[in-house]
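Reader: Could we go through this model together? I would like to begin with its confidence and then turn to particular residues.

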Amino acid sequence: PDSLLQLYPDNETFRNLNAESYLGVGLRNNMGEPIGHLCIMHDRPLNNSEWMLNLLKIFGARASSELERYQTARQLQQLTTELEQRVTERTATLAKTVEQLQLASNRRQALSDLLLQSQEQLQDIFDSANDMIQSVSLIDGSFEFVNRAWLETLGYTIQELEQLTIFDVLHSSCQKSCMTLMQQLKTGQRQSLDQVEIKFVSQDGRIIDVEGNVNCRIINGKPVYTRGFFRDISDRKKAEIETIKALKQERELNEMKSRFVSNTSHEFRTPLTVISSNAELLKLFGDKLDEIEKQKCLDTILNYVDHTTELIDDVLIVSRAESGKITLKPTSLNVVEFSQELMQTIGLSAPNHHLKFVMQDSRSPSQKHGCNAQLDRKILQQSLTNLLTNAIKYSPENGAITLQLELLVDTIQFKVIDNGMGIPDEDQKYLFEPFHRATNVGVIQGTGLGLSIVKHLITLHQGSINVKSAPGEGSCFTITIPTQWQETDP
């Protein structure tokens, strides 16, 4: 019992066996480490203990193996239990993490949906705006954003815009100032520009005038891109141009009317003064004048009455032409016969000059369809008569006056050529203005309205008139009128 007490101090069962004999062997695992022991206890002394010891060793080896397996299985069970517990804990933690991630994901999705909704609302606001809105990178001038009004005004698509920069859609006259502004914004010299006017070039090449303001978007203290808000002012610009043009025309018209009234008053005053003085002379001294002197006074009065009548007629024609009261009444006119008849009529009143008519047909045989054209006979006759009488008036006696008619495919040309005094260069640019007379006419009478009338009348025919002249070398007035030829009636 003392030995059992020493061997198994903590095992009350073994201590109470009252064994008389004890035989045991140690149990070890495969690593040689002790894991237990196997023993035989008996209530009387054991015989042949050596044999029994060998038997214990045999059973001990097997018992060691079984005990090791049992301990291993037990440890494995314990490890499995611990692992399962850890897996359960980790699973719970992971589930909680997944739940938290799901909540975070839901929050992010809600924020993303809210952001997308906000962007869509902002985009809708921008696209609903009538003004053109753009955002341009300060790095390379590429477009960050434009709204619908911008695209519709300039005619570009989003796909086209991806390949363009702000400098591709700016008019060349604005490129330098735009580059300067972007440099100032990039370096912080400026942060905005109010009331700027620029010109865009649309996709089809039209120039669009816009006005607005530009400011700079700054992120983390660094200028990143510009934001521009513009409105199309092309119609307003056109209206301004038309207004300026109308004001200019109104000013010119007023100046012309003032000059017209002044010159008209002067032109009327001279003949009326002469008529009045000769009438007064006849009234006061008629009984003292002989018949020749009386006739001279009467002839002077009649000449100036004719001159005044002519002046009144010319003034009326100018007034009617400027107010648009003269209308074309075209009829079929044989221009060759018309020109020949006109020269015969003019020749009767100019016996001291040599009048000649020349006709030239420059059309090809296949293009010749007679000499009839739709023209206003009265207007054409008045225009050519004015030019021919001027040529006679400013040419010396026995001077040659030529009316040259040239028939072209789409036009008719009348040229009135003389070898008279000619017109100085400085007078030629004012020649067709009312009451303007060349500085070298001297005492030759004239109203200064004839060429102005001719220009008005020829313009009604959508034609033109020009002059080539030099002092002492004569003049050549050319009238060109567009026409369509008709077959001459047989």
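Author: The discussion below takes up confidence, the sheet, the aromatic rings, the cysteines and a few single residues.

Reader: What is the mean pLDDT of the chain?

Author: This is a predicted model, and the mean pLDDT of its chain is 83. A value of 70 or more is reached by 89% of the residues.

Reader: Which elements have the lowest and the highest mean pLDDT?

Author: Helix α1, residues 2-7, has the lowest mean at 65, and strand β12, residues 411-418, has the highest at 94. Where pLDDT is low, the predicted coordinates should not be read in detail.

Reader: What is the strand order in the open sheet of five strands?

Author: The order is β9-β11-β12-β14-β13, and the pairing is mixed. The edges are formed by β9 (354-361) and β13 (464-470). Each of these two has a single partner strand, so one side of each has no neighbour in the sheet. On average, neighbouring strands of this sheet are turned by 15 degrees against each other, with direction ignored.

Reader: How many bridges join β13 to β14, and do they run parallel or antiparallel?

Author: Strand β14 covers residues 474-482 and is joined to β13 by seven bridges. The two strands run antiparallel. Asparagine 466 stands opposite threonine 478 in β14.

Reader: Moving to the aromatic residues, how many aromatic pairs are there?

Author: The count is four aromatic pairs, taking ring centres within 6.5 Å as the cut-off. One of them joins phenylalanine 143 and tryptophan 150, with 5.2 Å from centre to centre and 65 degrees between the planes. That pair is edge-to-face.

Reader: Are phenylalanine 143 and tryptophan 150 buried or exposed?

Author: Phenylalanine 143 counts as buried because its relative accessibility is 14%. Tryptophan 150 counts as buried too, at 0% relative accessibility.

Reader: What about the rings of phenylalanine 200 and phenylalanine 230?

Author: Their centres are 5.9 Å apart and their planes are at 85 degrees, so this pair is edge-to-face. The pair links distant parts of the chain, with phenylalanine 200 in strand β5 (residues 192-201) and phenylalanine 230 in strand β7, 30 residues apart. Both phenylalanine 200 and phenylalanine 230 are buried.

Reader: Which residues form the aromatic cluster?

Author: One aromatic cluster is formed by Phe143, Trp150, Tyr156, Phe200 and Phe230.

Reader: A change of topic: how many disulfides does the structure hold?

Author: The structure holds zero disulfides.

Reader: Where is asparagine 334, and what does its side chain contact?

Author: Asparagine 334 is in strand β8, residues 331-334, and counts as buried at 15% relative accessibility. Its side chain makes a polar contact of 3.5 Å with the side chain of asparagine 372. A polar atom of the asparagine 334 side chain also lies 3.1 Å from the backbone nitrogen of valine 336.

Reader: And what is the phi of asparagine 220?

Author: Asparagine 220 has a positive phi of about 55 degrees, although it is not a glycine. Most residues other than glycine have a negative phi. Asparagine 220 is in the loop between β6 (207-219) and β7 (222-232), and is exposed, with a relative accessible area of 80%.

Reader: What is the phi of asparagine 398, and where is the residue found?

Author: Phi of asparagine 398 is near 70 degrees, again a positive value in a residue other than glycine. Asparagine 398 is in the loop between α11 (377-393) and β11 (400-407). At 55% relative accessibility, asparagine 398 counts as exposed.

Reader: Lastly, where is serine 364?

Author: Serine 364 is in the loop between β9 and β10 (372-375), and counts as partly exposed at 25% relative accessibility. The C-alpha atoms of serine 364 and valine 409 are separated by 8.3 Å, although these residues are 45 residues apart along the chain.

Key:
Residues are numbered from 1 along each chain as its sequence is written. Side-chain values use heavy atoms; hydrogens and water are left out. Helices (H or I, at least four residues) and strands (E, at least two) are DSSP runs, numbered from the N terminus. Buried means under 20% relative accessible area, exposed over 50%, partly exposed in between (1.4 Å probe, protein chains only). Rings of Phe, Tyr and Trp (its six-membered ring) pair if their centres lie within 6.5 Å; planes under 30 degrees apart count as stacked, over 60 as edge-to-face and the rest as tilted. pLDDT is the predictor's confidence in each residue, from 0 to 100. A disulfide is a pair of cysteine sulfur atoms within 2.5 Å. A polar contact is a pair of N or O atoms within 3.5 Å; within protein, one must be able to donate a hydrogen and the other to accept it, and residues adjacent in sequence count only if both atoms are side-chain atoms. Two strands pair if DSSP finds at least two bridges between them. Axes are lines fitted to C-alpha atoms, for helices over the stretch in contact, and angles run from 0 to 180 degrees between N-to-C directions.
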